[in-house]
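Reader: Hello! Could you walk me through how some labels in this structure were assigned?

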Amino acid sequence: MSNANSARWLNEVSWDDQGLVPVIAQEASTGDVLMFAWMNREALQRTAETGEAIYWSRSRRKLWHKGEESGHVQKVHEIRIDCDNDVVLLKVEQVGGIACHTGRHSCFFQRYLSAGSWEAVDPVLKDPKDIYK
């Protein structure tokens with residue numbers, strides 16, 4: 001990723017009042033939306049520098065290198081920003097094909113049914129107990 005050391009591009013991001021920006025991870029090869037997460041300035045800068053997705057975990061209050069436990073890293077092909085500069089889109093290669101901690105390809109595996117309920121429509125590819133030892 002180029003220009004990772006120049007801070008100017010980071011100043012153009014519209015960070016929220018907590019210093020965060022929402023991020024969508026999209027599979028570069030298929031267009032599948034894999035997950036939604038947050039980044040702070042350091043996470044976005046390190047993502048650009050390393051070429052792998054690094055997010056900010058709001059619950060753990062720390063940087064989170066996607067795949068640090070599971071091995072399912074996200075290799076970043078492109079970093080894009082929307083027209084208002086307040087949402088980041090990562091086009092990634094999802095190593096291992098699993099983005100979700102439930103062992104599924106995408107975190108968006110539940111579909112709304114007209115009966116007023118949610119149904120899991122994508123299969124578990126690997127048992128989470130085997131991913132997170």
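Author: Gladly; what follows takes cysteines, a histidine and a nonpolar core in turn. This is a predicted model, in which local features need pLDDT of at least 70 and side-chain atom pairs count only at pLDDT 80 or more, while totals for chains, interfaces and linings use all residues. Residues are numbered from 1 along each chain as its sequence is written, and side-chain values use heavy atoms, leaving out hydrogens and water.

Reader: What makes Cys83 exposed and Cys100 buried?

Author: Buried means under 20% relative accessible area, exposed over 50%, and partly exposed in between (1.4 Å probe, protein chains only). Cys83 has 74%, so it is exposed; Cys100 has 4%, so it is buried.

Reader: How do you know that His72 counts as buried?

Author: Its relative accessibility is 10%, so His72 counts as buried. Leaving aside neighbours within four places in sequence, its contacts (heavy atoms within 4.5 Å) include Lys66, Gln94 and Ile131.

Reader: What makes a set of residues a nonpolar core?

Author: Its members are buried Ala, Val, Leu, Ile, Met, Phe, Trp, Tyr and Cys residues joined through side-chain atoms within 4.5 Å. The largest one here has 24 residues, and Val23, Met35, Met39, Tyr55 and Leu90 have the most contacts inside it.
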